4 protein chains.
Amino acid sequence: MNKFSVILGNVGQCSDRYMTGGYGRPFELEEMFERVASIGVKAVEYVGNWHISDKTLNQVLRLTKQYGLRSVAIIPDHFGSDVWGKGAFTSPDAKVKQLAVRETLHMAELARAIDCPLISIWNGQDGYDYPLQANYADADKWLTEGITKCCEDAPDMKFSLEYKPKEPRNHSFLSNVWRSLTLISESGVQNLGVTIDVGHSFEAYEDVAEAAVAAMKRGKLFHLHMNDNWKFWDDDMIAGSIHTIEYIELFWWLKHFGYTGYISTDQYPYREDGKCAVEQSIKWMQAFERAAANIDDKRMLAILAKNDAVESTAYMREILFGC
Amino acid sequence: MNKFSVILGNVGQCSDRYMTGGYGRPFELEEMFERVASIGVKAVEYVGNWHISDKTLNQVLRLTKQYGLRSVAIIPDHFGSDVWGKGAFTSPDAKVKQLAVRETLHMAELARAIDCPLISIWNGQDGYDYPLQANYADADKWLTEGITKCCEDAPDMKFSLEYKPKEPRNHSFLSNVWRSLTLISESGVQNLGVTIDVGHSFEAYEDVAEAAVAAMKRGKLFHLHMNDNWKFWDDDMIAGSIHTIEYIELFWWLKHFGYTGYISTDQYPYREDGKCAVEQSIKWMQAFERAAANIDDKRMLAILAKNDAVESTAYMREILFGC
Amino acid sequence: MNKFSVILGNVGQCSDRYMTGGYGRPFELEEMFERVASIGVKAVEYVGNWHISDKTLNQVLRLTKQYGLRSVAIIPDHFGSDVWGKGAFTSPDAKVKQLAVRETLHMAELARAIDCPLISIWNGQDGYDYPLQANYADADKWLTEGITKCCEDAPDMKFSLEYKPKEPRNHSFLSNVWRSLTLISESGVQNLGVTIDVGHSFEAYEDVAEAAVAAMKRGKLFHLHMNDNWKFWDDDMIAGSIHTIEYIELFWWLKHFGYTGYISTDQYPYREDGKCAVEQSIKWMQAFERAAANIDDKRMLAILAKNDAVESTAYMREILFGC
Amino acid sequence: MNKFSVILGNVGQCSDRYMTGGYGRPFELEEMFERVASIGVKAVEYVGNWHISDKTLNQVLRLTKQYGLRSVAIIPDHFGSDVWGKGAFTSPDAKVKQLAVRETLHMAELARAIDCPLISIWNGQDGYDYPLQANYADADKWLTEGITKCCEDAPDMKFSLEYKPKEPRNHSFLSNVWRSLTLISESGVQNLGVTIDVGHSFEAYEDVAEAAVAAMKRGKLFHLHMNDNWKFWDDDMIAGSIHTIEYIELFWWLKHFGYTGYISTDQYPYREDGKCAVEQSIKWMQAFERAAANIDDKRMLAILAKNDAVESTAYMREILFGC
């Protein structure tokens, strides 16, 4: 349980573009902390402004203490305020570009204040909707510049890039694990890594374990977000509700590389009670972790060394069904 | 221009699940009418409750008169109020199922009051998110029963089903043109047809012209919604902003079958001024219509009779580029 | 084991458009029978011409007897001979259209000779590659006419339509379960049903259990083909090698409706030994069947009646991991 | 016409996994040269072994001279001989890995002999089909090592990586433009770049112009392959037969960056005469190039600087339809 955390909003209310008033009722900040704690989870992750800001800092300090929760990461709000509508780090407006850096660094300050080691950046609005809308060359430069500036100005903090192929823009600039690793390499900074969101990775037609290995092999897997989907869109469902084997594969590779970071749920339980939906994700992940622990490394490595799909699937069935 | 209409909300404000407060500013009902009229369009389509209700009926009557707009269709709200969160016609709650019928019939009443001939039903919430969540057999029955009941109780009105493979549910029950035609056939009623939304059809990996022909051949294409996307999701972009040839193909087949219904824009111009975005769609459609008019039917039918892809693409280039 | 069968070619050699000479070595007909039997399977399915023809009839009779195999279905070759390149039942060439019917009826004769009850038709080449290539209205008519003619001329035989959204054509006319049910309904014949290929259904963004229920509810699920894929293409992998929960859902609904037909593997084990790959599919399906048998129907129906995703996923985890 | 070339096999015969004997008739090498030349194209590209080998070298020299064709690139065969079935540079068999390098370097020798400046590597079999089949960490290392070795041992030659998300493997290791740029950067060699195949890029949900800019901005766009598809699969259709605006966008950016490389057709005209299908692609590309030339750079850059989708789509319509 010690490695699992919950993005606070996961136990709150969700809305979508049709149900603009939200499914179910809204929840107060304190209530959300209580809900996370009641699951037995010991760590929490925030969205900037939505959950943590100058105004709520003291409340967050009090509530984390009261509920015995560690602060795992802050996701700066670069997507939910109208100012970011046409991009944050790649906005056509130079002032907005600067604001994106300032907002990130401000979150780094708040992170220090709550003893939180990581800023997980999700460039939701940095992208484009139409062909011939964006200057790809400029945007490429701006994105690297802005992110690098944040990392340089807060060298004590870790920063992490959460890629996603699309939504809310029809095309995101930071679209997959390799685009993220390119930016990280070109930035030249050491405190920059990748946040892999399982659902984003599925949506990018990545095998999520391959993506995680790509990042871990380069020492750059800083954080993980968990949810499930039907492969074509970021459905943000209960982790484990659809896929089984791909999760076990991921957990086995995490074990193999000795991943020690946190693993946060990142869901949109539109029609479920968020607390129950998050609890299910945690339980699935614990089951996957046990399954991965049951895999004999030597045997698995031998299968991989031969690329033997038949033996591999037989072994998975043995792990799952004992036969 | 006479056949084009606009869903009123297209010139209003959009929000999404991250930008819950909306992109840009909201617009009043009157302002939206003014914006539609200013484009030169002569007809308008409504979403129930959002635009037309008992409360706004008189205002709508006044504004349509003032701006010289015909009322083309009402889309009952089966998706934007919390009561529909787990389905309308297929809700697990029997009372909600009945409410879905009542709401539809109430919209039929309002339609009569504004001289509007069509109720276009979009079963946005009728579906499921998870495997083993819905009883597919019951839902199949309920959906046909509810829709049939509406058609029988308002025999003077035309009803039309707008299918969509997913969103807001991860799987919609009414997922494609053939599912719609099955329901229509099984309903036994005559006043039920299909609304083809081009973007929904693309998302379903349909060639939209093939879908339209399927419906027209059976006398069941009652209405059309226009927008564009990148093929994987209902991006609801400016119609024509991405695809060219598939639109020309659609307009040629509409001409060939003598489609006389209205064609409404159905967009979500999150970051654009809705009025300008709708205006662009209309202009693209007019260009496609002219291109389709330039296609010699005899020549095209001869190409189709041979399935000759080479001649066909050469002809399209001739139409587009004159060479 | 009694309900499982194997398409004979699954234990043979595969090629693709790049490896035109095939992966691994080819297998003789007799060798393939031996390989199927050695797995312990008691039934077999054929592709016309590839495995059964006037020339091989006696050999097939001898080998089925020798190995104690029942003949489950024949898939007429409407896709692998150059004559079908531009379509079979919907070919622009009237002679080819007639040949498609004749070939099907000839396979019905051979089926009688080997005591095989089902002709499973896969319209692989009936479709189109380009926009404005096919006359959708004519093709719609021709497809129904041709299939109906087959059913009428061999009323003692069952016929079954295996839909698929694409490949080898970029768009297949018979694209999903609802298109199939429309054709069946419009044919007016009773001996026509659906073959659901799990991978084709996944590729069509169907939940395969929903598709199976749609067919079973109408008494039209005649046959099943099993394989797995990554959801975007008909990868024809070992059934169960990727998906777990969706398979269990399918087997539960098959149990619930009392499906009594055969279930054939339908794979392309390009780089695996086909015998081993098929054996794995059978073992996975047996595991899924046991898992489905472990689901308490009353409890599951109660969950479905509430559309309760949280309880449902918890129950699935209990079934899979006992917790 | 000077910049366009044709992969020789495009005017030959195609087969697929069902039509293993091929659509239409096969063509001799000489006949294929004649067919390319007859279109008016002045350059040609080869697949190793299929078109160029020790055995055919003299014939190729004679035919290129006879038909006045330049040799643009050789694609070594790493995908069509059984030895590569489980990978070339990433094969589990060390001997095959070495053979992949040797084969590539042998093609470099032949390239020198025919005055061809580029080896375009397509790692078709370097990937995996199943989860838990490949050792991603090893494969990552092997791929970079093998490619780097080729570049170092033939420093006078240019090498170029053609990425593709899938097929013939269900997952390719070299899946998108950013994965390619990572490998190039990590290789440390200067003579390594990217071949962008438009259809592969579409299939990877890239905007192909964005991918081309990513490579050009880093001086790494060495080659281009042209074809079209429906976005979900590498359909290898006539370039321009489906998409219009995305092609114009690509050609505008090529102009903007001053791309001077060749542009080869890369199609699989299964059911069309290859010569005619290639000719259509060339004509479409010429039309797109003219359209791109008609775009006023200052005006377009101003639109991009504002991210103005409305002005952009209006401009595209002006370019296409003059209004």
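**Exercise 1.** What covers the buried residues of H5(C)?

*Solution.* The model is predicted: local features need pLDDT of at least 70, side-chain atom pairs count only at pLDDT 80 or more, and totals for chains, interfaces and linings use all residues. Residues are numbered from 1 along each chain as its sequence is written, chains are lettered from A in the order in which they are written, and side-chain values use heavy atoms, without hydrogens and water.

Step 1. Helix H5 of chain C spans residues 177-187, and 9 of its 11 residues are buried (under 20% relative accessible area, 1.4 Å probe, protein chains only).

Step 2. The cover includes, from chain B, helices H4 (136-153) and H5 (177-187). From chain C it includes helix H4 (136-153), strands E6 (158-162) and E8 (192-197), and helix H7 (208-217). Helices (H or I, at least four residues) and strands (E, at least two) are DSSP runs, numbered from the N terminus.

Step 3. At the start of H5(C), a side-chain oxygen of Asn176(C) lies within 3.0 Å of the backbone nitrogen of Trp178(C). After the helix comes Gly188(C), with a positive phi near 75°.

**Exercise 2.** State how many residues of chain B and of chain D are in contact, and the area buried.

*Solution.* Step 1. Contact (heavy atoms within 4.5 Å) joins 33 residues of chain B to 33 residues of chain D.

Step 1. The two chains bury about 3000 Å², 69% of it on carbon and sulfur atoms; this is accessible area (1.4 Å probe) lost on being put together, summed over both.

Step 2. In chain B, the most area is lost to chain D by Trp230(B), Arg317(B) and Phe321(B), together 21% of what that side buries.

Methods
Buried < 20%, exposed > 50% of the residue type's maximum accessible area, 1.4 Å probe, protein only. Polar contact = N/O pair within 3.5 Å; in protein donor to acceptor, adjacent residues only side chain to side chain.
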